[in-house]
Amino acid sequence: MARKLLVLTLFSIFSIVTLMCGESKDKGGKDVKQKSSTDIYMVNVSTEENEKKEVETVYRKFYEYKISKNIKELDKILDEEFILTHMTGYRQSKDEWFSHIEDEQMKYYGYTVDSIKIEINGDEAVLTGRSKTDARIYGSRNKWNLELVMPMKKINGKWIITEAVASSY
């Protein structure tokens, strides 16, 4: 009796899996392979990995543009209401920061990434990046151990930095 129950259970599971993952016909009568849960999982993982790569690219552009003083391109990846919070706690508007980059009160020379952590939730992300940043800030040049926490949002298919909060590590 137990063996018959086991065989019936296995047959039922096999039938369900075959129906879910098997072939079916489209409206024209052509065979169509159904997506399995593994296929769907792989698409979701792939999409999340692509999103993380895009977010990381925005972080790297943030550095490249400020090093090259490319305010026009930097502006494209920053929210209109972007605020940079310095290690001192000073909250600087985007326009003020841009003017300090242009007149070299803040001059960026280079950076080396130590680590990047990215969390994505729909059209919102938070990147935490740690880097050795070579910069001269108000006359004092140093290689800063700089951690930036950067909330981002996806607008019209592009990741935009809404804020950058700096601290040392």
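Modeller: Strands are DSSP runs of E with at least two residues, helices are runs of H or I with at least four, and both are numbered from the N terminus. The model is predicted, so that local features need pLDDT of at least 70 and side-chain atom pairs count only at pLDDT 80 or more, whereas totals for chains, interfaces and linings use all residues. Residues are numbered from 1 along each chain as its sequence is written, and side-chain values use heavy atoms, with hydrogens and water left out.

The protein chain has four helices and eight strands. Of its 169 residues, 30% count as buried, where buried means under 20% relative accessible area, exposed over 50% and partly exposed in between, with a 1.4 Å probe and protein chains only. Among contacts in the chain with a separation of 6 or more, 48% come from residues 24 or more positions apart; contact here means heavy atoms within 4.5 Å.

The part to examine is strand β6, which spans residues 124-137. The sheet that holds β6 is open, has six strands in the order β4-β3-β8-β7-β6-β5, and shows mixed pairing. Its edges are β4 (91-93) and β5 (106-121), each with a single partner strand, so one side of each has no neighbour in the sheet. On average, neighbouring strands of the sheet are turned by 20° against each other, direction ignored; the axes are lines fitted to C-alpha atoms, and angles run from 0 to 180 degrees between N-to-C directions. Two strands are said to pair if DSSP finds at least two bridges between them. Strands of a sheet pair through backbone hydrogen bonds, either parallel or antiparallel.

On one flank, β5 and β6 pair in the antiparallel sense over 14 bridges. The hairpin of β5 and β6 has two residues between the strands, and Gly122 takes a positive phi near 70° there. On the other flank, β6 and β7 run antiparallel and are joined by 14 bridges. In β7, Lys143 is the bridge partner of Asp134. Two residues also separate the strands in the hairpin of β6 and β7, where Tyr138 has a positive phi near 50°. Further along the sheet, β7 (residues 140-155) and β8 (residues 158-168) pair in the antiparallel sense over eight bridges.

Opposite Leu127 of β6 stands Ile118. Apart from neighbours within four places in sequence, Leu127 is in contact with Val55, Glu56, Tyr59, Ile116, Lys117, Ile118, Leu148, Val149, Met150 and Met152. Of these, Leu148 is 21 residues away in sequence and 7.8 Å away in space, C-alpha to C-alpha.

Ser131 also belongs to β6 and is buried, with a relative accessible area of 0%. The side chain of Ser131 makes a polar contact of 2.8 Å with that of Tyr63 and another of 2.9 Å with that of Thr133. A polar contact is a pair of N or O atoms within 3.5 Å; within protein, one atom must be able to donate a hydrogen and the other to accept it, and residues adjacent in sequence count only if both atoms are side-chain atoms. Setting aside residues up to four places away in sequence, Ser131 touches, among others, Tyr59, Tyr63, Tyr111 and Trp144.

Rings of Phe, Tyr and Trp (its six-membered ring) pair if their centres lie within 6.5 Å; planes under 30 degrees apart count as stacked, over 60 as edge-to-face and the rest as tilted. This rule gives seven aromatic pairs. In one of them, the rings of Tyr59 and Tyr63 have centres 5.4 Å apart and planes at 80°, so the pair is edge-to-face. Both residues lie in helix α2 (residues 37-67), four residues apart, about one turn of the helix. Tyr59 is buried at 0% relative accessible area, and Tyr63 is buried at 1%. The rings of Tyr63 and Tyr111 have centres 4.2 Å apart and planes at 20°, so this pair is stacked. It links distant parts of the chain, with Tyr63 in helix α2 and Tyr111 in strand β5, 48 residues apart. Tyr111 is partly exposed, with a relative accessible area of 22%. Ring pairs link Tyr59, Phe62, Tyr63, Phe82, Trp97, Phe98, Tyr108 and Tyr111 into a cluster.
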